[in-house]
Amino acid sequence: MTSSRFVQQVLFFTGLISGCSCANAEWFSYQQSIMGTSTTTEIFADTQQQADQCSRLVFDEMRRIDALMSPYIEQSELSDINRNAATKPVKISNELFELIQRSIKFSQLSDGAFDITFASVGYLYDYRLKQHPNQQQIRQQLSALNYRNIQLNAEQKSISFSHKNTRIDLGGIAKGHAVDNAINLLRKCGIRNALVSAGGDSRILGDKNGRPWVMGVRHPRDKDRVVVSIPLKDAAISTSGDYERYFIEDGKRYHHIIKPTSGESVDQTWSESVIANDAMTSDALSTTLFVLGTENALKLINSLDGVEAIMIDANGKMFYSNGLMPPTVH
Ligand code: ADP
Ligand code: MG
């Protein structure tokens, strides 16, 4: 999650995208800028009224999660944690508690590659203002960056930090969570086919007129080129790239995915896409694999059930998880 400073409210209807023999249902498209990114919703509905009403639930949910979890909003629950958890246990909502718990699971799974305390150093970067910390500043903060500095108390539903400089940020998982909630709301609204995207995180409900949606992975150095297209239905796909939020100084790329061991931007990967059943998993895993780098990323993804990945390393070489590899003819 990034900034809410520029919440725009653009709502538009593009009408019929493709015909369908089923009754009079049509596809309706909506877009708004929320959580510092473009959020889109495509809904297959009987009437525009139904689509409008259901799409409103999606965007309201995205704004609710942003208000709760944005580090840029002073009154957010997340900001409250970052202000106080190093001095006393802070009581938090079930929702945040569970999301932090899930985040720690991803840390344990990846030996700390995914770590929401990256923010202990991450806050020193400003990609818009092209600011980054120097080595001394990183060194001062690096011991605060460790998920083991987070203590969750399940009985009290509280969180505390054991290091005075620890901060957390849910930018690597919150959008996936928001997309999952949005899909559940659409289901409850009576929708059976839809696509919800928040930045690089998308989830498909059902299919597109009886066929899979074809989701493209863009070339990390050419936004107009798609390097691979993947047909998907009832699935989530997330892409983490080094081209989303970055600046270049003295030939070095400073971007928003931080290697917890060094406090610096990861430089082994250009792009990492993960397919999973839900968007929280695909979101967190795409960030995780991005940090791990090809070899360890492939090991991890191939050891997990129900997830696949496509990776592009810093030489532009592509790698696929086992489930996406074409079979060998013997
Ligand atoms: P986005 O969809 O915002 O581009 P990604 O899924 O690619 O997000 O994750 C990048 C975001 O994850 C960063 O903006 C930051 O908030 C967060 N992040 C960066 N490094 C880490 C890390 N090592 N562990 C967990 N989260 C991270
Ligand atoms: Mg992610």
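A polar contact is a pair of N or O atoms within 3.5 Å; within protein, one must be able to donate a hydrogen and the other to accept it, and residues adjacent in sequence count only if both atoms are side-chain atoms. The views below show a predicted model, in which local features need pLDDT of at least 70, side-chain atom pairs count only at pLDDT 80 or more, and totals for chains, interfaces and linings use all residues. Residues are numbered from 1 along each chain as its sequence is written, chains are lettered from A and ligands numbered from 1 in the order in which they are written, and side-chain values use heavy atoms, with hydrogens and water left out.

**View 1. Polar contacts of ligand 1.**
S240 places a polar side-chain atom 2.8 Å from an oxygen atom of ligand 1. For H256, a side-chain N or O atom is 3.0 Å from a ligand oxygen. For R245, the corresponding distance is 3.1 Å. The protein covers 97% of the 560 Å² of accessible area that ligand 1 has on its own (Shrake-Rupley method, 1.4 Å probe; for residues, only the protein chains shown count as cover).

**View 2. The shell around ligand 1.**
The ligand is surrounded by 19 residues, each with a heavy atom within 4 Å of it. The closest are D115, K175, S240, I258 and D283. By class, the shell holds seven nonpolar, five polar and seven charged residues. Here Ala, Val, Leu, Ile, Met, Phe, Trp, Tyr, Cys and Pro count as nonpolar, Asp, Glu, Lys and Arg as charged, and the others, Gly among them, as polar. Helix 7 (residues 279-292) gives the largest share, three residues. Helices (H or I, at least four residues) and strands (E, at least two) are DSSP runs, numbered from the N terminus. Ligand 1 lies between domain 1 (5-68 + 173-329) and domain 2 (72-161), because both give residues to its shell. The domain bounds come from an automatic or database domain assignment.

The 14 residues of helix 7 should span 20 Å at 1.5 Å a residue, and its end C-alpha atoms are 20 Å apart, which agrees. The expected span is 1.5 Å times one less than the number of residues. D278 caps the N-terminal end, with a side-chain oxygen 3.3 Å from the backbone nitrogen of M280. After the helix comes G293, whose phi is positive, near 85°. Of the 14 residues, 13 are buried, so helix 7 is largely enclosed by the rest of the structure. Buried means under 20% relative accessible area, exposed over 50%, and partly exposed in between (1.4 Å probe, protein chains only). T287 lies in this helix and is buried at 14% relative accessible area. T287 and I116 are 171 residues apart in sequence, yet 11 Å apart in space, C-alpha to C-alpha.

**View 3. Helix 6.**
Helix 6 (residues 174-188) has 15 residues. From first C-alpha to last it reaches 21 Å, close to the 21 Å expected at 1.5 Å a residue. Eleven of its 15 residues are buried, so helix 6 is largely enclosed by the rest of the structure. Among the buried residues are K175, H177, D180 and L186.

**View 4. Two aspartates with positive phi.**
Most residues other than glycine have a negative phi. D111 has a phi near 55°, a positive value. D111 sits in the loop between helix 3 (94-109) and helix 4 (119-122). This residue is exposed, with a relative accessible area of 67%. D234 also has a positive phi, near 45°. Its loop runs between strand 9 (222-232) and strand 10 (236-241). At 48% relative accessibility, D234 counts as partly exposed.

**View 5. S79 in helix 2.**
S79 lies in helix 2 (residues 77-84). Its relative accessible area is 9%, so S79 is buried. The side chain of S79 makes a polar contact with the side chain of S76, at 3.0 Å.

M311 belongs to strand 16 (residues 308-313). M311 is buried, with a relative accessible area of 2%. M311 and T294 are 17 residues apart in sequence and 7.1 Å apart in space, C-alpha to C-alpha. V307 lies in the loop between helix 8 (294-303) and strand 16. At 6% relative accessibility, V307 counts as buried. V307 and D242 are 65 residues apart in sequence and 22 Å apart in space, C-alpha to C-alpha.
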